[in-house]
Amino acid sequence: MIAAIGFALFTRPGIGGSYWTMFLPALVVLGLGMAISVAPLTTTVMNSVDQNHAGTASGVNNAVSRIAALLAVAAFGALLTHVFQTALDRKLNNSGISAAERAHVEAQRSRLAAAETDDPLARQAIDEAFVAGYRVVLWVAVGLALASSLSAALLIRAETKPSQRAR
């Protein structure tokens, strides 16, 4: 749940703002949440197998972690791109940008926020569209982190140690 709060704090920044007030608090909270969750997860994986299978368990744990990160980057990248493109269309249609400048921006759509323009209205449309995509991705991350917390609360049960069962 702490990681979810960290992701939610990342939705606050907009265009401009200070790193120290906009991003650092989110980084600290997310880092704390990940530190609290990753180490116990790894310990649980390693403790769930016999010693002679520890190497395999470690390898599987690392492989799953890497694959999940790759899938997250791909899925979140696709989501951000879709939201950016939709928001950019809406903003370009409603901003009064000249047809020539609109064509210039349209030709750079694949560059997302790195699209170049000298028109302040076009720049604002690009920036706002990127922030919209960024926020959607982070709200999905919040939802996934909360779902993870809920599933852990429902599925993980305290295991009685053998010495406690004998009493």
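These notebook entries record what I looked up in a predicted model of one protein chain.

**Ground rules**

I number residues from 1 along each chain as its sequence is written, and I work from heavy atoms for side-chain values, with hydrogens and water left out. Because the model is predicted, local features need pLDDT of at least 70 and side-chain atom pairs count only at pLDDT 80 or more, whereas totals for chains, interfaces and linings use all residues.

**Confidence**

I began with pLDDT, the predictor's confidence in each residue, from 0 to 100. The mean for the protein chain is 90, and 94% of its residues reach 70 or more. Where pLDDT is low, the predicted coordinates should not be read in detail.

**Helix α4**

The 41 residues of α4 should span 60 Å, and the end C-alpha atoms are 59 Å apart, which agrees. I then looked for its buried residues (buried means under 20% relative accessible area, exposed over 50% and partly exposed in between, with a 1.4 Å probe and protein chains only). The buried residues of α4 include Ala-54, Asn-61, Leu-80, Phe-84, Gln-85, Leu-88 and Leu-92, and the buried set packs against α3 (24-47), α5 and α6, where contact means heavy atoms within 4.5 Å. Just after α4, I noted that Gly-96 takes a positive phi of about 75°.

**Nonpolar cores**

I next searched for nonpolar cores, each a set of buried Ala, Val, Leu, Ile, Met, Phe, Trp, Tyr and Cys residues joined through side-chain atoms within 4.5 Å. The largest has 14 residues, and those with the most contacts inside it are Phe-84, Leu-88, Leu-92, Val-105, Ile-126 and Ala-129; α4 and α6 are the elements that give it two or more residues. A second, separate core has five residues, among them Ala-3, Phe-10, Ala-26 and Leu-30. Returning to Ile-126, I found that, leaving aside neighbours within four places in sequence, this residue is in contact with residues including Phe-84, Leu-88, Val-105 and Leu-112.

**Salt bridges**

I counted as a salt bridge any side-chain nitrogen of Lys or Arg within 4 Å of a carboxyl oxygen of Asp or Glu, and the count comes to six. One of them joins Arg-109 and Asp-89 at 1.9 Å, N to O. Arg-109 lies in the loop between α5 (99-106) and α6 (120-155) and Asp-89 in helix α4 (residues 54-94), so this pair ties together parts that are 20 residues apart in sequence. Arg-109 is buried at 14% relative accessibility, whereas Asp-89 is partly exposed at 31%. Both residues belong to a network of salt bridges that also links Arg-102 and Glu-106.

The side chain of Arg-109 also makes a polar contact with that of Gln-85 at 2.3 Å; I take a polar contact as a pair of N or O atoms within 3.5 Å, where within protein one must be able to donate a hydrogen and the other to accept it, and residues adjacent in sequence count only if both atoms are side-chain atoms. Not counting residues up to four places away in sequence, Arg-109 touches Phe-84, Gln-85, Leu-88 and Asp-89.

I also noted Lys-91 and Glu-128, which form a salt bridge with the closest N and O atoms 3.5 Å apart. Lys-91 lies in helix α4 and Glu-128 in helix α6, so the pair ties together parts that are 37 residues apart in sequence. Within helix α6, Arg-123 and Asp-127 meet in a salt bridge at 3.0 Å, N to O, and, being four residues apart, are separated by about one helical turn.

**Two buried positions**

Last, I looked up Thr-11, in the loop between α1 and α2 (19-22), and found it buried with a relative accessible area of 9%. Apart from neighbours within four places in sequence, Thr-11 is in contact with Arg-135, Leu-138 and Trp-139. Gly-33, in helix α3, is buried with a relative accessible area of 6% and, with residues up to four places away not counted, touches Ile-2 and Ala-3.

Technical notes:
The expected span of a helix is 1.5 Å times one less than its number of residues.
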